[in-house]
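I opened this entry to record what I looked up, element by element, and in what order.

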Amino acid sequence: MSPAALLRRFGPLLGLLALCAVLGTLSDHFLTFDNLINVFRQSAVNALLSLGQLVVIITAGIDLSVGSILGLSCVLVALLLKAGVPPALAVLAALGIGGALGSVNGLLLTKLHLPHPFIPTLGMMNVARGLALVICGGFPISELPSSFRFWGAGSVGWIPAPVIVVVVFCVVFHVFLTRTTVGRDIYAIGGNPQAALLSGVPVDARLILVYALSGVTAAAGAIVLAGRMNSGFPLAGMGSELDSIAAVIIGGASFFGGVGTVGGTLVGALIMGVLRNGLNLMNVSAYWQTVVIGVVIVAAVWVDVVRKRAAEKGRAAVN
Amino acid sequence: MGTRKHWWMAMALGAAVLAAGACSRGAKSRKLEIVLVTKALDSEFWQRIKSGAEEAARADPGVSLAVLAPAQEINIDQQVSILEDQILKRVSALAVSPAGVAEIVPVLDKARAAGIPVVIVDTDVRWPYQTSFVGIDNRLGGRIAGEYILKAIGGKGKVAVIRGVLGVATQEDRLTGFREAIANSPGVELVAVQPANSERALGMQVMENMLTSHPDVKAVFGTNDQMALGAKEALEAHHLTGKIVLVGFDATREALRAIQAGAMNAVMAQYPERIGKRAIEEAIKAARGLPVEKRIDIGTALVTKDNVSQFLK
């Protein structure tokens with residue numbers, strides 16, 4: 001691989017490592033085993049949401065509803081558990097509900113011909129959040145069974161259970177996107193929907209699937225968060241749609257579609273988690289954290305733009 | 001050309017992070033590290049809690065204090081992350097005002113496992129291991145507000161409540177107290193209890209809607225000042241100032257001035273500086289292994305036009 005290609009491939013990862021080095025020199029607590037485990041645990045929910053968001057963004061779409069679907073799934077799974085549904089069943093039901101809500105986004109987009117994914121997912125963002133509040137009257141539903149809490153608060157040896165969930169989802173999504181026809185269709189739709197349609201890709205069906213997947217990862221995030229907080233709370237995931245979009249973009253995906261990897265997205269989520277954690281350890285206020293993350297989003301995309309322009313110039317010189 | 005720019009980028013970013021770190025990195029010594037984590041810092045109430053806390057820390061040269069909070073009161077999971085990170089640092093003691101009373105419990109358990117004493121501030125939680133609770137009796141405050149309204153409207157008519165985030169103990173307690181106060185007055189009807197998330201803009205909107213749905217409402221209780229001040233704006237816009245009894249909770253400067261000007265009728269006073277100060281004093285005691293009081297009621301008082309001047313000093 002040429003140096004330019006290497007940089008493109010591993011740019012976000014290099015950024016993450018550099019960031020860790022800087023934070024390690026600034027805080028004695030940062031590069032400790034306990035803290036790194038801590039960062040992984042704190043990044044798990046955003047990583048899960050970002051995987052779904054990645055698949056959507058690859059199709060040149062956007063899913064604003066992931067935070068709200070997380071909130072609604074969080075309340076519903078807690079209600080199911082309180083009603084005595086066995087934890088394993090409640091988890092499956094929550095994933096199903098998330099998938100169903102997501103596929104509604106896809107159906108609205110493709111069957112009602114709403115002009116841009118922004119619209120159906122903005123609608124769903126409000127509907128799902130509202131329903132979450134209505135269903136539980138605004139109250140958190142707490143004290144969940146410990147076998148359910150495992151997914152958010154438990155661990156296997158020293159590996160936190162949420163990290164295992166993230167790894168499993170990453171592997172599945174990576175294989176799905178790179179090794180299956182459907183996955184390649186999704187990239188094709190993002191690259192050029194017209195061409196994809198003409199070459200026989202069932203675009204509508206793929207888009208519905210994409211938004212359903214995003215709903216499923218949101219529900220997975222809900223299961224982890226509810227376990228972590230021992231509570232199904234209606235405000236869960238408030239604003240997290242923007243964090244997931246940020247992680248995907250920092251991870252090198254393009255808003256124009258057709259570009260983006262699972263590895264990059266995971267690194268993007270970790271960069272955000274590491275930044276927040278490092279700044280927390282240094283007692284930097286949440287307001288400054290917001291500023292820094294904003295700067296990082298713009299900087300990450302700008303690096304990408306600079307790289308592309310340099311590559312284009314290189315090509316022009318050769319021709 | 002590209003690589004050079006990358007270096008600039010990396011350096012700028014590094015400098016920003018370094019600067020941010022340098023601002024906040026206090027002297028490293030064997031000082032007691034006390035950390036206060038509030039629900040937010042975006043209102044006068046929390047800022048005054050913070051200044052009281054800082055006063056307590058200044059009084060003790062052996063103590064370094066950090067005050068942290070999520071960006072908004074609704075960012076419960078961000079508050080949990082902040083606490084986890086402080087627990088990891090093995091700080092000497094924590095003072096916490098929980099953004100979510102149920103959601104906070106697992107992370108409090110982690111503090112306990114790490115042997116860090118926890119003082120609960122302002123909003124009580126059902127967690128038996130708290131070192132101390134410092135705050136006010138919100139139910140009593142709600143009841144006093146209700147009794148005042150009862151008297152102001154002559155014991156009959158429609159009343160309404162604009163309340164903060166559902167499920168938060170302080171808010172529930174104020175409402176419970178208010179309901180108790182009006183329970184024995186059959187002439188009084190509670191026509192609406194609408195949430196406005198303790199925000200001013202939402203408070204105004206909710207008040208406007210109430211004026212449409214219940215034009216004959218005689219009194220409104222805003223369970224914090226931001227919402228009451230929002231309601232005040234709505235009343236002013238509809239030229240109803242003084243015609244509808246309006247009561248707030250917290251006694252922020254702005255609300256006190258509104259009472260002085262006759263735009264609001266009353267407010268339940270909290271003494272946030274005292275709450276913050278006392279919380280940190282107890283946290284310091286706990287960190288030193290000294291005995292602490294389990295429950296500290298800072299007290300509340302009714303402020304009306306008659307006594308507002310002494311609160312505005």
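I began with H8 of chain A, whose buried residues pack against H2, helix H7 (161–179), helix H9 (193–198) and H10 of chain A; here helices (H or I, at least four residues) and strands (E, at least two) are DSSP runs numbered from the N terminus, and contact requires C-beta atoms, placed from the backbone, within 7 Å. Helix H8 of chain A covers residues 181–191, and its buried residues are Asp185(A), Ile186(A), Ala188(A), Ile189(A) and Gly190(A). For burial I used 20 or more other C-beta atoms within 10 Å of a residue's own, with 12 or fewer counting as exposed and anything in between as partly exposed.

Before going further I noted that this is a predicted model, in which local features need pLDDT of at least 70 and side-chain atom pairs count only at pLDDT 80 or more, while totals for chains, interfaces and linings use all residues. Residues are numbered from 1 along each chain as its sequence is written, and chains are lettered from A and ligands numbered from 1 in the order in which they are written.

Next I looked up H2 (residues 33–58) and H10 (residues 203–229) of chain A, whose axes come within 8 Å and cross at roughly 175°; the axes are lines fitted to C-alpha atoms over the stretch in contact, with angles from 0 to 180 degrees between N-to-C directions. H2(A) is therefore roughly antiparallel to H10(A), a label given to angles over 145 degrees, against under 35 for roughly parallel, 65 to 115 for roughly perpendicular and the rest for oblique. Among the residues making the contact are Leu48(A), Gly52(A) and Gln53(A) of H2(A), and Ser214(A), Thr217(A) and Gly221(A) of H10(A).

I then stayed with Gln53(A), which lies in helix H2 of chain A. Gln53(A) counts as buried because it has 32 C-beta neighbours inside 10 Å. Leaving out residues up to four places away in sequence, Gln53(A) touches Asp63(A), Val66(A), Ser214(A), Ser244(A), Ile245(A) and Val248(A).

Which residues touch the most other members of the largest nonpolar core? They are Val77(A), Ala222(A) and Ile280(B), in a core of 155 residues, a core being a set of buried Ala, Val, Leu, Ile, Met, Phe, Trp, Tyr and Cys residues joined through C-beta atoms within 7 Å. H10(A) supplies its largest share, 17 residues. A second, separate core has 47 residues, including Ala145(B) and Leu246(B).

An automatic or database assignment sets the domain bounds, giving domain 1 (29–136 + 272–298) and domain 2 (138–269) of chain B.

Last, I checked the contact between the chains, which takes 40 residues from chain B and 42 residues from chain A. On the side of chain B, H1(B) gives the largest share, 13 residues, and that side divides into 23 nonpolar, ten polar and seven charged residues.

Conventions:
Two residues are in contact if their C-beta atoms, placed from the backbone, lie within 7 Å. Ala, Val, Leu, Ile, Met, Phe, Trp, Tyr, Cys and Pro count as nonpolar, Asp, Glu, Lys and Arg as charged, and the others, Gly among them, as polar.
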